[in-house]
Amino acid sequence: DWIISRQRFWGTPIPIWRCNSCGKIEVLGSKKELEEKTGKSIDDLHKHVVDALTWKCECSGEMKRVPDILDVWYDSGAAFYASLNFPKREETLREWMPVNFVVEGLDQVPNGWFYSLLRLGVLLFDSVPYEKVMVHGMMLDEQGREMHKSLGNFVPVMQIISKYGRDAFRAFVASKTPWSDIRFSWRELENSFRKINIIWNVYAFLGLYCSQYDLDESLVLKNLKSLDPEDRWLLSRTERVIREVRNKMDELHPHEAFNLLLDFVINDLSRLYIRIAREKLRSSEEERKIVSSLLFMVLKRTLVMLAPFLPFVTEKIYQESMRQESDPESIHMMSWPEPRDDMIDDEIEEEMEAAKALLEAINMARASAKIKKRQPLKRALVATTDPVLKRALAKFLLLFKIEGNVSKVQAISQDQRPEGRFSVVEFDKGTLYLDIEITPEVLAAGLAADIRRRIQEMRKELGLRRGIEKINCWILLDSETRNMIEPYVTSIIEDVDARKLKLVEKLEEIPEGCFMKEWDLDGRRISIWIQKIQQG
Ligand SMILES: [Zn+2]
């Protein structure tokens, strides 16, 4: 392939003039030279202007420009320098050179931009004009073929966007290794869409408390020492993620940074901390303020890092309720968070990992004894010599209660053989004895949990929003079941956002026009009526 000249209407004119009579050739090196040759002052070097410039040859023939332009890669290489107004203003260029980073596609690499920039950098300044380069892959179809309209496998971007939105498309691409080709996948796109929904739900959860309570970062920072272990764990995780994301971005591994962030929001925040927070937000006013401020702070720091990946949903959340008075008008103008290294606590994160291993063992013990997760159990005994797990047992009581649904977790010595009915599971940190004795109290607690869940399902069917729309509720049951449930009425009322909950044994007591469902809870037939309370 010829790499120097092209025949185009527009482009960088090749500065070569040739005599139409004797064939003499002159190559011009500057505007000044051209002005001397022609005796004219020239302020426009575009093709249509210089093509008209001629002068007389020694042989009295006419010197005319060779009409070709330079190959357009020359312009690509020059555009960077030209955009900074070089050569008119060299100092701006000197300020910017070398640039930190250049990116281009795999298809452009062999003779592409990196090379044309480099070539001009060396010719003009004897230096490399950039510090780092990245080559990105191509989007292929689901079978790994190139996308072509003629193959019928081409997916228009607008089709993707109208189905899942821009952020979901970005999330799909951003989670992939950028220098490899990506196989397009509707299934994975839907998955990305779901992940964004999880981010939104974390925000919506906080939104329930945001409007009601003062959110105050300093409240968290002032109380660092007295925070609960779960709170300190979340802070440590947050700051570690900030540190790691920064490192990944510096290493030009944006996909790893993005996946770390998603993993943090989905697993640490949504699947773990928020479930605990839901419990904590029910306790004292002081506790509520701390937990909601903590969540606010963590979510805000996380969203700022997610903003370059998911610019729309993060901006929406920011504008709706994250933006405070001293903040800039857009999340994209926020400073990148600095990790607070003093909050990173290796010990507590290790302990949480040990606690998670125990929770997994509890789930296995439940499964092998065929006891559902909703059934509260009295106690779990753990025979272990692992000091980390021992500390975790003493620290994460609330976690075991909520996630394990076990009232008490206790360490025992390795050689102890506890008496009673246990489901036993060996795990890598010790042996778990899960007490599966269903006492009347345990049975009643399980039944209450079942009823709670059925009411939640019915609320969902009516489209009632959690924490906002209240209900009245009636439950028809036999007198034995009624006696079992009675002690749990107050806690059920709180859990299902009810104003009133009545246990009844006769049908007449229930008003007309309620939403009713009948349930069979392990052989006990009960009926539940709920009624939305009209507000205002
Ligand atoms: Zn001549």
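Good morning. The C-alpha centres of domain 2 and domain 4 lie 61 Å apart. The model is a predicted one, in which local features need pLDDT of at least 70 and side-chain atom pairs count only at pLDDT 80 or more, while totals for chains, interfaces and linings use all residues. Residues are numbered from 1 along each chain as its sequence is written, and side-chain values use heavy atoms, with hydrogens and water left out.

Let me begin with the division of the protein. The domains, whose bounds come from an automatic or database domain assignment, are domain 1 (5–70), domain 2 (73–136), domain 3 (186–344), domain 4 (347–438) and domain 5 (449–532).

I turn now to the metal site. Which residues are the protein donors of the zinc ion? They are Cys-19, Cys-22, Cys-57 and Cys-59, each through its SG atom, at 2.2 to 2.3 Å. Donors here are N, O and S atoms within 2.8 Å of the metal (3.2 Å for Na, K and Ca); water is not among the atoms, so sites may look incomplete. The angles among the 4 donor atoms are 102 to 112 degrees, and the site is tetrahedral, a term for four donors with all angles between 85 and 135 degrees. Along the chain, the donors follow the spacing C-x2-C-x34-C-x1-C. Cys-22, in the loop between β2 (16–19) and β3 (25–27), and Cys-57, in the loop between β4 (55–56) and β5 (62–65), are 35 residues apart and link distant parts of the chain. Strands are DSSP runs of E of at least two residues, and helices are runs of H or I of at least four, numbered from the N terminus.

Are these cysteines buried or exposed? Cys-57 is buried, at 7% relative accessibility, whereas Cys-22 is partly exposed at 46% and Cys-59 is partly exposed at 31%. Buried means under 20% relative accessible area, exposed over 50%, and partly exposed in between (1.4 Å probe, protein chains only).

The largest nonpolar core has 89 residues, of which Leu-310, Leu-358, Leu-432 and Leu-434 touch the most other members. Such a core is a set of buried Ala, Val, Leu, Ile, Met, Phe, Trp, Tyr and Cys residues joined through side-chain atoms within 4.5 Å. Domain 3 and domain 4 each supply at least three residues to this core. A second, separate core of 24 residues includes Ala-448, Met-484, Ile-492 and Ile-528.

Finally, Asp-495 lies in helix α19 (residues 489–495) and is buried, at 13% relative accessible area.

Notes: Four donors count as tetrahedral if all angles lie between 85 and 135 degrees; four count as square planar and six as octahedral if opposite donors are over 155 degrees apart and all others between 65 and 115; anything else is irregular.
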